[in-house]
Amino acid sequence: MNLLKGKRGIISGALDSNSIAWKVAEKAHAHGAQIVLTNAPIAMRMGEIKVLSAKIKAEIIPADATSVPDLTNLFTKSQEILEGKIDFVLHSIGMSPNVRKNLPYTDLNYDFYMKSIDISAMSLHKMLSVAYKMDALSEWASVVALSYIAAQRTYPFYNDMAEAKAMLESIVRSFGYHYGKAKKIRINSVSQSPTKTTAGSGIKGFGDFYTYADAISPLGNASAESCADYCITLFSDLTRMVTMQNLYHDGGYSTTGVSNEVMEKLANN
Ligand SMILES: NC(=O)c1ccc[n+]([C@@H]2O[C@H](COP(=O)([O-])OP(=O)(O)OC[C@H]3O[C@@H](n4cnc5c(N)ncnc54)[C@H](O)[C@@H]3O)[C@@H](O)[C@H]2O)c1
């Protein structure tokens with residue numbers, strides 16, 4: 001415990017108690033960090049974030065992650081509230097209007113496509129660029145973004161989010177270089193198992209795929225809670241030389257070809 005004692009962090013994306021970011025915020029608080037929570041203004045209306053805010057005594061600063069003025073306000077106010085530069089940032093943001101509207105990959109709406117990319121990938125660049133120009137992050141700060149293996153391999157149901165995640169991981173590498181050189185700041189993405197959250201469950205066929213991934217992975221699907229544990233280690237000083245990586249947190253899914261369990265299920269059909 002106390003891996004983050006004295007550290008100041010910004011955590012985006014806590015929508016409800018299922019959100020990966022919600023678990024990260026709870027654990028970061030338990031490990032001694034002081035936190036500011038942020039989410040899109042529309043998420044405030046749902047109100048649940050206020051429960052988390054009260055529980056971990058963290059202020060909320062609404063920010064649409066596609067808006068540079070909102071992000072500028074977020075980093076300005078966070079430094080005021082936390083009384084210093086920021087030591088860690090969680091980017092836990094994803095949304096595709098094409099997925100929401102169930103449009104097939106072969107017939108996407110291109111305005112929606114741009115929105116998917118802007119919200120789910122470019123927002124990381126905007127966050128980092130705002131922080132870079134304001135010099136809002138401390139030396140050896142750590143930034144983690146959440147990704148999915150559809151960035152590397154095709155998952156038909158993941159639709160245009162596949163491109164968004166590929167771009168997100170590329171920004172991790174590119175900005176990781178520049179921020180590493182400038183201030184020894186590290187940037188990584190965590191490629192997480194399918195997880196039962198609002199974003200996850202919004203994907204068509206998610207339930208069946210969740211069961212399949214669980215049966216393939218030798219350790220089973222990684223939960224939101226264990227993902228949060230992993231994020232805490234990446235924010236801590238114990239992983240100071242890890243940067244520009246896409247790190248699989250998936251119970252072994254990404255390196256398993258097939259499992260006996262899945263073979264047996266197919267044989268029984
Ligand atoms: N659930 C999964 O199966 C899974 C697997 C791998 C990676 N991820 C990734 O984890 C991250 C968190 O998702 P989650 O599964 O916890 O679901 P979630 O729905 O709880 O979180 C997604 C968050 O994105 C926020 N958001 C959407 N548009 C925004 C905007 N314009 N500005 C600011 N915030 C905005 C939402 O309000 C929400 O809090 C996402 O990047 C998601 O792609 C999820």
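Helix 1 (20–30), strand 5 (137–147) and helix 8 (198–201) each supply at least two residues of the shell around the ligand. Helices (H or I, at least four residues) and strands (E, at least two) are DSSP runs, numbered from the N terminus. This is a predicted model: local features need pLDDT of at least 70, side-chain atom pairs count only at pLDDT 80 or more, and totals for chains, interfaces and linings use all residues. Residue numbers start from 1 along each chain as its sequence is written.

**Ligand shell**
- There are 27 residues around the ligand, and S19, G94, T197, A199 and G200 come nearest. A residue is near a molecule if its C-beta atom, placed from the backbone, lies within 6 Å of it.
- Helix 8 gives the largest share of the shell, three residues.
- By class, the shell has 13 nonpolar, 13 polar and one charged residues. Ala, Val, Leu, Ile, Met, Phe, Trp, Tyr, Cys and Pro count as nonpolar, Asp, Glu, Lys and Arg as charged, and the others, Gly among them, as polar.

**Helix 3**
- I49, L52 and I56 are buried in helix 3 (residues 48–56). They lie on the same side of helix 3 because they cover an arc of only 60° around the axis. The arc is that of the directions from the helix axis to the C-beta atoms.
- Buried means that 20 or more other C-beta atoms lie within 10 Å of the residue's own; exposed means 12 or fewer, and partly exposed is in between, with C-beta atoms placed from the backbone.
- Exposed residues K50 and A54 sit on the face of helix 3 turned away from its buried side.
- The buried residues of helix 3 pack against helix 1, strand 2 (34–38), helix 2 (41–46) and strand 3 (59–60).
- K57 follows helix 3 and has a positive phi, near 50°.

**L15**
- L15 is found in the loop between strand 1 (8–12) and helix 1.
- L15 is buried, because 20 other C-beta atoms lie within 10 Å.
- Leaving out residues up to four places away in sequence, L15 touches N39, A43, M46, E48 and T198. Two residues are in contact if their C-beta atoms, placed from the backbone, lie within 7 Å.
- L15 and I61 are 46 residues apart along the chain, and their C-alpha atoms are separated by 13 Å.

**Whole protein**
- The secondary structure comes to eleven helices and seven strands.
- Of the 269 residues, 45% count as buried.
- The C-alpha atoms fill a box of roughly 60 × 40 × 40 Å, taken along the principal axes.
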